[in-house]
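Please open the structure in your viewer and keep the selection panel at hand.

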Amino acid sequence: MVPLISCSVAAAGVQDGDLFGYRLGTRYVATEQTRGYTFGMESVAIVADKPVKSEDFTRVELIVTPKTLTIGNIYGVREFDKEGDAKRFAAQYTDLLNTVHGKNCQPTKG
């Protein structure tokens with residue numbers, strides 16, 4: 001189980017849409033080091049090259065449009081071997097996000 005802390009265009013977690021050093025609705029600038037994978041039929045998931053994140057997260061991924069690389073979703077990923085560890089991590093961040101951002105930034109299980 002991997003809890004994903006996710007903010008999307010429909011429910012940006014912070015008032016101005018910034019998360020992990022990226023901003024919703026802006027274009028991602030790909031480099032030769034940029035890696036990603038297709039996500040559904042109309043999106044691409046990119047592993048962020050230079051995220052601003054705590055060490056609590058393994059990586060930051062962005063869901064972008066395929067042609068313009070416009071950012072529509074920003075999320076942090078942390079993987080666990082044990083479900084109990086994942087649930088504790090998710091509960092900790094759910095409490096933090098609810099305190100800081102209210103109900104605008106919801107965790108989703110993945």
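The stops below begin with the complete chain and then turn to individual elements.

This is a predicted model, in which local features need pLDDT of at least 70, side-chain atom pairs count only at pLDDT 80 or more, and totals for chains, interfaces and linings use all residues. Residues are numbered from 1 along each chain as its sequence is written, and side-chain values use heavy atoms, with hydrogens and water left out.

**The whole chain.** Helices (H or I, at least four residues) and strands (E, at least two) are DSSP runs, numbered from the N terminus. Their order along the sequence is β-β-β-β-β-β-β-α-β. Of the 110 residues, 35% are buried, that is, under 20% relative accessible area with a 1.4 Å probe, protein chains only.

**Strands β6 and β7.** Next, select residues 71–77, strand β7, where 6 of the 7 residues are buried. Leu62 stands opposite Ile74 of β7. Between the strands of this hairpin lie 6 residues, and Leu69 takes a positive phi near 60°.

**The core.** Which residues have the most contacts inside the largest nonpolar core? Select Tyr22, Tyr28, Leu62, Val64, Ile71 and Ile74, which hold that place in a core of 19 residues. β5 (43–47), β6, β7 and α1 (83–101) each give two or more residues to this core. A nonpolar core is a set of buried Ala, Val, Leu, Ile, Met, Phe, Trp, Tyr and Cys residues joined through side-chain atoms within 4.5 Å.

Terms used. Buried means under 20% relative accessible area, exposed over 50%, partly exposed in between (1.4 Å probe, protein chains only). Two strands pair if DSSP finds at least two bridges between them.
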